[in-house]
Amino acid sequence: MKTNLIKCLALGGLLAAGPLYAAEYAIDTEGAHASVNFRANHLGFSWVTGRLEKFDGSFNYDAADPNSASVAITIEAASVNTNQAERDKHLRSAEFLDAATYPEITFISTSYKTNGDGTGVLKGDLSLHGITKPVTINVTRVGEGDDPWGGYRAGFKGTAELKLKEFGINYNLGPAAETIYLDLNIEGVRK
């Protein structure tokens, strides 16, 4: 009887701990193997592209149970870079990101659902400009495996669309510029 109780407690502890093979990965920002890029239509005539240079985070991933994946990322709003100093200053201002008041942009996933073909849908809460909203990221697994330095890596790309007005950013550049398109490249090193 006592042995069965110990076995039940041990099994309950293992189940409560979550997947046994899930691994945590640090996003490789130091080696510049990750990027948060964006593009916005400019007045319906062309595209402005840029990136958020400074961010950090991690993700949990298990190839045998991809639906258990999770991600947490923090981005410095002032690190916006479109390769044009005056535009970057404007994007940091109160009319757009208001980086002085809201210095961090965060994303914390709430669920992941695989499509069974190396793609899936990541859902989570994005906090931007002082407002938190649910967002959806379409994800594609790029690959995983040993690296030449003795580590193990996994990489993904993702795309998402954001409506600026939903985050309290109301600067009017015309209807073509109301949506920002995100292109994410995330490579992590297993901890």
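Reader: Which residue in β7 is the bridge partner of Thr74?
Author: Thr74 has Thr106 as its bridge partner in β7. This is a predicted model, where local features need pLDDT of at least 70, side-chain atom pairs count only at pLDDT 80 or more, and totals for chains, interfaces and linings use all residues. Residues are numbered from 1 along each chain as its sequence is written, and side-chain values use heavy atoms, leaving out hydrogens and water.

Reader: What makes β5 and β7 a pair?
Author: Two strands (DSSP runs of E, at least two residues, numbered from the N terminus) pair if DSSP finds at least two bridges between them. β5 and β7 (residues 104-114) have five, in the antiparallel sense, so they pair by that definition.

Reader: And what makes β4 and β5 a pair?
Author: β4 (residues 55-61) and β5 share six bridges, also antiparallel. Here Ser58 stands opposite Ala72 of β5.

Reader: Why is Ile186 called buried?
Author: Buried means under 20% relative accessible area (exposed is over 50%, partly exposed in between; 1.4 Å probe, protein chains only). Ile186 has 15% relative accessibility, so this residue counts as buried. Its place is in β11 (residues 179-190).

Reader: Which residues does Ile186 contact, leaving aside neighbours within four places in sequence?
Author: Contact means heavy atoms within 4.5 Å. Among the partners of Ile186 are Ile27, His33, Phe59, Ile73 and Phe156. The C-alpha atoms of Ile186 and Phe59 are separated by 9.5 Å, though the two are 127 residues apart along the chain.

Reader: How confident is the predictor in the chain, by mean pLDDT?
Author: On pLDDT, the predictor's confidence in each residue from 0 to 100, the chain has a mean of 90, with 89% of residues reaching 70 or more. Over residues 1-20 the value stays under 50.

Key: Helices (H or I, at least four residues) and strands (E, at least two) are DSSP runs, numbered from the N terminus.
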